[in-house]
Structures are given as C-alpha cells and as structure tokens.
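Dear colleague,

I am handing over the structure below, and some notes on what was found in it follow.

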Amino acid sequence: MRSIWNGAISFGLVSIPIKLVNATESHAVSFRQIHTEDGGRIRYRKVCELEDREVTQAEIGKAYEDADGAMIPITDEDLSQLPIPTARTIEIVAFVPEDRIDPLQMGSAYYLAASGAPAAKPYTLLREALKRSNRVAIAKFALRGRERLGMLRVVGDAIAMHGLLWPDEVRAPEGVAPEGGVTVRDQELDLADALMDTLGEIDLDDLHDEYREAVEEVVAAKAAGERPPESREEAAPGKVLDLMAALENSVRAARESRGGEGGGPDEEAEVRSLPQRETASRRTPKETGGKKSTSTAARKTAKKAEPKKSTAKSAASAPAKKTAAKGTAKKAAGRSTAKESAKGTGRSTAKKTASRRRSA
C-alpha cells in the first residue's frame, strides 16, 4: 500500500518513524459526463484567466484569497516550515477510554506502518501499552494543509488512526428531536424489544453493497447490447395507523424471514400432557353437607356400569309395576268395601229408627 504521509509518532521522549496509509477504499461505481446528443466526453480544463490558455498540473500552485480579492501565494515549503510541532509529527497528547470518543467525531481511518527496522521496537511498545491499558491515544497531526485531531487504537497487530473532527465542528442536535411530550407504553417497548431480539445479530462481513452490484449489472447488460434487468416492484408502505399493530406485523415478518426462529408474543405454545399427581385430597373423598363425594375412580366405574344398571332397572321395573298395580287395586277394593259397609250400616240404622218412631 502506498503511503500518503511520512513522519513520526511523538510518544513522550520516544519517537516512532511511521508511514501513513489509507485503511479504507471506495468501491463506488464512477461515471463520466458526456454530451447526450453524440456521446462526446465533457472535460474540465484548467485555464489561466490572465493568459487564457490551458495549464498543466506542474504549473498549478496554492494561494490564499484575501478579503479584497488579492491572491497570496503559499508554497509547500511554507507549509512544511510551519512553527508547530505537528507539521511532521503525530503528537500524542492524552490517553483516554475509548467510550469517551463520540462516534460523531470519527472520520477517515488510516494505518500507521512502522518505517524501517529502528521503528519496530518502539512501535510494538506503544501497541502493547494500548492493549494492556484498554485505552486509546488522542493525538494532533497536520495533513493536507491543516492541523487535525486523531485517535490511535490497536487493530490486530497494527496501530490504526482515526481522523477526528474538532469538538466545535460537531453540531448540536437542536430541533432534530420531535417536539412535544410523546409517551410510549410498556407494551410498545416490549414489542420493540421482541423485534430487536428476533432480528438479532449479524456478521458484518455478510453485508454487501447491493446498489453497486445492481449498477454493475446494468452496465454489463448495456455493454452486451442486452436489455437492463428490471427493478423489483416493492409494495409501498402503508400509513401507520396503529403502532402496536405495526410492531406486531414487523415481529411476525422478521420471524418468517428467519425461518420462525426466536420467541416472543404471538408464538404458539407447545401443549404437553402433565403427569397425574396422587394427592391426599383425591384419594380421600371429601364430605360436604353430610354426603360423601365419590372419587374419580368411582366416577369412572359408575360411568362404565351405567348401561348395565339401566338394563337391570328395566328388567326389574316390570314386576315392580305389577306389584304396585296389585297394591293399588287392593286399596281401591278396600275403599269400595268400606263404602258399601258404611252404606249398609247407615241403611239398617235408618230402618230401626223409623220403626221405633212408628211404634211410639
């Protein structure tokens, strides 16, 4: 990898010669500007306004424009001799815990490569010191015409440096959050937690730039004279009328996309039969109101014996009915005899009374 800056790390009285190497690279697809009518390239030429001619890169320098429009030339030699210690040095000013650094401040990333054999020992010393302390180094350095802030940390066996914005370059988040008091219910938080648990973690190495791949497919198709692939029509998201319903649908969709993994609300529970527990209350029948309650086994036996009992009842019901009929007939006969005897007695008594009246 080609170095973009050479200098040294100032670590107290220790100086570590290093080379600055870009730690990231862009894979974005770049386009050229063309004339749409004939496909001709559109180029930007660097023209000197005074001579009205195009100049080469070797003829181009730097200048600072004053308030009245005057140009003050500044050479690379002027910048290299700036009266600051960070002109060619990454000066470490402090060691702090990594969580003290706001991610909003982090910018470009670089690798610090040891420059030559003499740098190997102090380079390794700084790396191991950062590892053991679980801290990062805050440093100041000059790059591309300005002094910058940086953070040094260990990545594998190398030391990486992240360019940091100065604290006054980070804007305050005023007017960004929604205004007014908004309350969130516990049920909504529970569903949000369930959605986060369902989505779970992911290996960042599995992520890729789908937009770049789609652009490359279009370029390849047009280069081959084929029709570019059509885009997939995705359903337009509807209006969120009910946040709870939206969260529930999101959890359900996330589970389906992951093959039904994870737990949470709306998940069907597995039903298992529990073993029967023999308790004293089941073995001993309870007495309620002077009547003994039948046990479970007695109930089962009674249910099984119900057909036999009904047959026995039907078989014994005929003689019982006949006996009852005989008893009823006897009672009726007795009643009729009593009535007749009473009538006869009454008649005889009436006759005797009449005869006595006549004789008198």
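What is the volume of the largest pocket? That volume is about 400 Å³, where a volume is the space filled by probe spheres set on grid points joined across faces, edges and corners. A pocket here is an open set of points on a 1 Å grid over the protein atoms alone, where a 1.4 Å probe fits, with protein on both sides within 12 Å along at least five of seven lines, and lining residues have an atom within 4 Å of a point.

Please note that this is a predicted model, in which local features need pLDDT of at least 70 and side-chain atom pairs count only at pLDDT 80 or more, while totals for chains, interfaces and linings use all residues. Residues are numbered from 1 along each chain as its sequence is written, and side-chain values use heavy atoms, with hydrogens and water left out.

The largest pocket is lined by 16 residues, and Leu79, Ala142, Leu143, Arg144 and Gly145 lie nearest its centre. Helix H1 gives the most to this lining, with three residues (helices, H or I, of at least four residues and strands, E, of at least two are DSSP runs, numbered from the N terminus).

The largest nonpolar core has 20 residues, and Ile9, Ile18 and Leu112 are among those with the most contacts inside it; such a core is a set of buried (under 20% relative accessible area, 1.4 Å probe, protein chains only) Ala, Val, Leu, Ile, Met, Phe, Trp, Tyr and Cys residues joined through side-chain atoms within 4.5 Å. Strand E9 supplies the largest share of this core, four residues. A second, separate core has seven residues, including Val96 and Leu164.

Finally, just after helix H4, glycine 225 takes a positive phi of about 75 degrees.

Best regards

Methods
Buried means under 20% relative accessible area, exposed over 50%, partly exposed in between (1.4 Å probe, protein chains only).
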